[in-house]
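Me: Please take a close look at one part for me: charge pairing between side chains. Keep it brisk, and give the cut-offs.

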Amino acid sequence: MCAAKNLKLGVGKQERVETLLEDAQGSGEVDKAIAALNKEARRGELLAMDKAAVLEIGEATEVDLLVKEVMVERILLHEDEFGAAKGGEEDEEKKRPAKRARTGKK
């Protein structure tokens with residue numbers, strides 16, 4: 001691994017591990033990994049909360065919890081699993097009476 005990253009090759013295993021760790025810290029890889037772990041832990045905490053608590057946090061932070069793109073993705077996932085969703089223009093078309101042909105005199 002040291003040779004692949006153009007780092008100095010150590011004689012012992014401990015020396016190579018230290019070299020790799022220094023490189024990871026210098027390039028920010030360690031910070032990125034820690035941030036990802038923290039984000040996943042927070043995601044778990046939020047998912048474990050009830051809906052009212054999450055809504056309260058969203059309102060307090062002024063986050064738009066009803067994002068159109070997210071709703072569209074969820075509708076598409078639901079339609080893939082259960083079929084097309086009912087609503088919108090389809091219902092309006094069913095409620096309209098059928099048009100009749102004109103019977104005017106010429």
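Reply: Arg-42 is partly exposed, at 36% relative accessible area. Partly exposed means between buried (under 20%) and exposed (over 50%), with a 1.4 Å probe and protein chains only. This is a predicted model, in which local features need pLDDT of at least 70 and side-chain atom pairs count only at pLDDT 80 or more, while totals for chains, interfaces and linings use all residues. Residues are numbered from 1 along each chain as its sequence is written, and side-chain values use heavy atoms, leaving out hydrogens and water.

The partner of Arg-42 is Glu-45: their side chains form a salt bridge at 3.0 Å, N to O. That term requires a side-chain nitrogen of Lys or Arg within 4 Å of a carboxyl oxygen of Asp or Glu. Glu-45 is partly exposed too, at 44%. Both residues sit in helix 2, 3 residues apart, or about one turn. Helix 2 spans 29-48. Helices are DSSP runs (H or I, at least four residues; strands are E, at least two), numbered from the N terminus.

A search of the whole structure gives 2 salt bridges. Arg-43 and Glu-40 also pair, at 3.3 Å, N to O. They too lie in helix 2, with a spacing of 3 residues, about one turn. Arg-43 has a relative accessible area of 43% and is partly exposed. Glu-40 is partly exposed as well, at 48%.

As a general point, side chains of opposite charge can pair when their charged atoms come close.
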